[in-house]
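Dear colleague,

I am handing over a structure that you have not seen before, and my notes on it follow below. Please read them with the model open beside you.

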Amino acid sequence: MNPYALETLREFKIPWAGHPPRSIDGLEREQWDFVITVCDRAKEACPIFPGQPVLAHWGMPDPAGVEGDDAAKRAAFRTAFLELSRRIDLLLALPDLAQRSPIVK
């Protein structure tokens, strides 16, 4: 895990301990309602998912690719977190979504 990502999660009080990153291997065998990619590299490498999930691409700069001092890197991860947080909030506010998605409980 990128240390700036972990720092950002701690800043926003998102627990992460015990959740190592994992690859997409095997995910195409699971049933999905929604598939959202966030970087162009993920979109290009995204497998075919069974059924008819809603596919979305939320393109955004990879914060790990930002060069500069610590402050610039921290700002990039904070910006990415806030952007994703806003988009997730808007997605979850869509009518009828709570009935379709197991992530809304």
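Helices here are DSSP runs of H or I with at least four residues, and strands are runs of E with at least two, both numbered from the N terminus. Thr8 lies in helix 1, which covers residues 3–11.

This is a predicted model, in which local features need pLDDT of at least 70 and side-chain atom pairs count only at pLDDT 80 or more, while totals for chains, interfaces and linings use all residues. Residues are numbered from 1 along each chain as its sequence is written, and side-chain values use heavy atoms, with hydrogens and water left out.

The protein chain averages a pLDDT (the predictor's confidence in each residue, from 0 to 100) of 84. Confidence is lowest in helix 4 (residues 97–100), at a mean of 59, and highest in helix 3, at 95. The chain holds 4 helices and 2 strands, in the order α-β-α-β-α-α from the N terminus on.

Thr8 counts as buried because its relative accessibility is 6%, where buried means under 20% relative accessible area, exposed over 50% and partly exposed in between, with a 1.4 Å probe and protein chains only. Leaving aside residues up to four places away in sequence, Thr8 touches Phe77, Arg78 and Phe81, a contact being heavy atoms within 4.5 Å.

Helix 3 (residues 70–92) has 23 residues, and among its buried residues are Phe77 and Phe81. Of the 105 residues of the protein chain, 21% count as buried.

With kind regards

Key:
The expected span of a helix is 1.5 Å times one less than its number of residues.
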